[in-house]
Amino acid sequence: MVVEIFPLRTRVTSMSFAYSITLALAGGTAPLVSAWLIETFGVPLAPAYYVMLYGAIGLALIWPMQETNARALSE
C-alpha cells in the first residue's frame with residue numbers, strides 16, 4: 001500500500017529511500033531505546049510499548065489513504 005503513494009516513474013527509488021530512512025531511524029535506535037526503557041522503567045516488556053507506538057503511528061498514517069487500484073499506471 002505504501003508503494004502506491006509514489007508516482008510510477010519514481011516508485012522504486014522513492015520507496016527504497018523511504019524504507020532506508022525509516023530503517024535507520026527506527027531500527028538503528030531500537031537497541032539503545034530498548035535498553036533505556038528497560039533500565040528506566042524496570043519492566044522487561046517496556047520495548048513492546050515502543051514497538052506498539054510505531055505501529056500506532058503507521059496505522060494513523062495509512063488509515064486515511066485512498067485505494068488506488070482503479071487508477072491508471074500512467075497517472
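Where is the place of Leu23? I looked it up and found Leu23 in helix 1. Helices here are DSSP runs (H or I, at least four residues), numbered from the N terminus.

I noted the ground rules next. This is a predicted model, in which local features need pLDDT of at least 70, side-chain atom pairs count only at pLDDT 80 or more, and totals for chains, interfaces and linings use all residues. Residues are numbered from 1 along each chain as its sequence is written, and side-chain values use heavy atoms, with hydrogens and water left out.

**Leu23 and its distances**

Leu23 counts as partly exposed because its relative accessibility is 49%. The scale is: buried under 20% relative accessible area, exposed over 50%, partly exposed in between (1.4 Å probe, protein chains only). I then took C-alpha separations. Leu23 and Ala56 are 33 residues apart along the chain, and 17 Å lies between their C-alpha atoms. For Gln66 and Leu23, 43 residues apart along the chain, I got 25 Å.

**Gln66 and Tyr49**

I found Gln66 in the segment after helix 2. Gln66 has a relative accessible area of 67%, so it is exposed. Tyr49 sits in helix 2. Tyr49 is exposed too, at 55%.

**The largest pocket**

I looked for open space. Its volume is about 340 Å³ for the largest pocket. A pocket is an open set of points on a 1 Å grid over the protein atoms alone, where a 1.4 Å probe fits, with protein on both sides within 12 Å along at least five of seven lines; lining residues have an atom within 4 Å of a point. The volume is the space filled by probe spheres set on the points, which are joined across faces, edges and corners.

**Ile62**

I ended in helix 2 (residues 46-62), where Ile62 has its place. Ile62 is partly exposed because its relative accessibility is 31%.

Notes. Helix = DSSP H or I, 4+ residues; strand = E, 2+ residues; numbered from the N terminus.
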